Amino acid sequence: MSSPNHLSPDDFQRLGHRMVDWIADYWRTVEQRRVLPDDPPGAVAAKLPETFPETPAGDDEWGRIFADLDEIVAPGLTHWQHPGFFAYFPANASFPAILADLLCAGTGVQGMLWSTGPAVTEIETRVLDWTADLLGLPEPFRSTAAHDQLGGGVIQGTASESTLTTLVAARARALRADPGADASRLTLYTSTQAHSSVVKAAIIAGLARDPEDHTHLRLVPVDRELRMRPDALERMLREDTAAGKIPFWIGATCGTTASTAIDPLPAIAAARDASSARAWIHVDAAFSGASCVCPEFRWQLDGIGRCESVVVNAHKWLLTNFDCSMLWTQRRRDLTSALSITPEYLRNEASDAGAVIDYRDWQIPLGRRFRALKLWFVMRHYGAEGLRSFIREHVEWASRFESKIDADERFVLAAPRTTSLVCFACAAGDDATRELHKRLNDTGELFVSHAVLPVIDDRGEQTGSRYVIRFAVGGTSTRERHVDRAWSLIDAEAQRVLAEAVR
């Protein structure tokens with residue numbers, strides 16, 4: 001039996017240089033590519049062999065691998081780092097973070113326990129304390145917080161994982177507080193505009209059978225600015241408590257996915273307290289929370305000190321490659337008591353003494369990568385000043401874009417802009433907006449996404465809905481000229497759509 005065909009360090013170095021060159025060339029040329037591929041489904045698979053390669057790779061095969069990057073992989077990508085990518089929220093990448101990811105893979109460390117990688121744990125703890133300071137989070141969210149439950153941060157894979165993690169912790173806390181309670185009495189709350197991960201977390205946690213099952217999940221209506229209505233929340237909490245239910249978790253949002261609406265945290269906390277509910281308040285600030293590196297945007301997190309946890313995705317708007325979702329809590333012990341299981345094979349002196357943080361107790365999976373390296377490299381390269389400049393430019397360009405939309409009678413602004421997302425629609429109605437959306441993406445020069453937003457009247461009643469185009473400014477490579485070019489395309493395509501509608 002032959003030995004595995006391992007690369008030598010010298011061969012790795014040679015191929016690694018070649019791969020770095022390929023990545024650098026990709027970034028140099030990404031603007032020349034279509035943002036969205038135009039091949040039909042199955043086009044990439046049709047270029048791949050149907051059977052697994054039997055023989056080990058040699059130099060000739062590595063040459064073919066690099067050719068396939070150009071001929072198969074790159075043409076089949078949606079180019080998230082393209083300067084014309086204005087869809088969804090950004091998935092920022094930057095060269096410092098890419099280098100850190102290379103180091104993470106190259107060291108091959110698994111940091112489930114402090115003892116399996118002290119640097120993995122201690123750098124993560126320190127960097128998250130730095131970031132808490134940078135965002136203006138209150139002192140109880142830091143690892144050094146001196147209070148009964150302790151605080152601290154942890155890097156999760158995604159904000160969705162953070163939602164599930166805090167929901168599980170809140171459930172365990174509620175059942176622990178009332179040993180005779182039945183889990184069937186538990187209820188959780190979020191707005192109709194909250195991320196779908198809340199519904200998914202409820203399903204995973206056994207609190208919903210499917211997305212339409214609202215036995216335990218209560219969707220709170222929103223106001224005209226698409227923010228959760230605290231009066232409606234308080235009414236639901238009081239009604240459910242009176243009916244013998246146990247409100248245990250409230251999901252607020254700082255920057256909803258569809259429109260970046262900011263839920264009023266002080267009023268939400270007041271509604272919880274007024275109803276005598278002991279619900280855990282978790283704040284999803286996955287995108288918009290990043291803007292709080294700038295003091296002028298910290299109003300979005302007013303009241304965060306009355307909430308148990310908050311999540312901000314560094315991989316959305318802080319130049320840190322996916323995945324790097326930062327979760328902070330004021331209630332570390334509630335989190336770890338719900339998620340900690342210690343089999344004999346994981347026991348060690350440092351953990352048993354309680355002298356260290358074991359991040360496996362802060363998350364759903366056991367294993368974890370050295371994700372803090374990316375954040376550490378980014379913070380050291382850019383500094384607070386660079387990150388603030390990055391955010392402020394995007395908000396300024398989005399504001400100018402919004403002004404052009406607002407001044408043009410062909411369009412309507414569909415939601416208030418809070419940071420760098422502009423939601424707009426054609427005044428002619430949904431059909432025209434859908435057609436404009438399609439034509440913009442068909443140009444290949446930009447990519448925008450859509451949402452369907454409720455239309456709320458002065459009484460707080462939903463009177464209809466509107467199909468809107470989401471224009472999210474936030475890419476690493478995006479510059480003001482790309483926003484201006486996007487407006488030119490929108491202007492031209494809208495003229496065509498409206499002219500054809502008249503015929």
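Let us begin with the packing of helix 6, residues 159-177, against helix 11, residues 332-339. In this predicted model, their axes lie 8 Å apart and meet at an angle of about 90°. Helix 6 is therefore roughly perpendicular to helix 11, because angles of 65 to 115 degrees count as roughly perpendicular. In general, two packed helices are described by the angle between their axes and the distance between the axes.

Which residues make this contact? On the side of helix 6 they are Thr165, Val168, Ala169, Ala172, Arg173 and Arg176. Across from them, helix 11 contributes Asp334, Leu335, Ser337, Ala338 and Leu339. By type, the residues of this contact of helix 6 with helix 11 comprise six nonpolar, two polar and three charged.

The structure has one cavity of 30 Å³ or more. The largest cavity holds about 40 Å³ of space. Its lining consists of Thr163, Thr190, Ala194, His195, Val198, Trp249, Gly251, Ala252, Thr253, His282 and Asp284. Two elements give two or more residues each to that lining: strand 4, residues 246-253, and strand 5, residues 280-284. Which of the elements supplies the largest share of the lining? That is strand 4, with four residues. Sorted by type, the lining of the largest cavity has four nonpolar residues, six polar and one charged.

How many aromatic pairs does the structure hold? There are 17. One of them is formed by Phe89 and Phe287, whose rings are 4.1 Å apart from centre to centre, with 5° between the planes. This pair counts as stacked, because the planes are under 30 degrees apart. The pair also links distant parts of the chain, since the two residues are 198 residues apart. Phe89 is in the loop between helix 3 (59-73) and helix 4 (95-107), whereas Phe287 is in the loop between strand 5 and strand 6 (309-313).

Finally, I would draw your attention to two features of the backbone. The loop between helix 3 and helix 4 also contains Tyr88. Tyr88 is not a glycine, yet it has a positive phi of about 50°. Elsewhere, Phe322 and Asp323 are joined by a cis peptide bond, with omega at about 10°. Asp323 belongs to the loop between helix 10 (314-317) and strand 7 (325-329).

Note on methods. Residues numbered from 1 in each chain as written. Predicted model: local features only at pLDDT ≥ 70, side-chain atom pairs only at ≥ 80, totals over all residues. Heavy atoms only, no water. Axes fitted to C-alpha atoms, helices over the stretch in contact; angles between N-to-C directions. Parallel < 35°, antiparallel > 145°, perpendicular 65-115°, else oblique. Contact = heavy atoms within 4.5 Å. Nonpolar A, V, L, I, M, F, W, Y, C, P; charged D, E, K, R; others polar. 1 Å grid on protein atoms, 1.4 Å probe; cavity = no way out; pocket = protein on both sides within 12 Å on 5 of 7 lines; lining within 4 Å. Points joined across faces, edges and corners; volume = space filled by probe spheres on them. Phe/Tyr/Trp six-rings, centres within 6.5 Å; stacked < 30°, edge-to-face > 60°.
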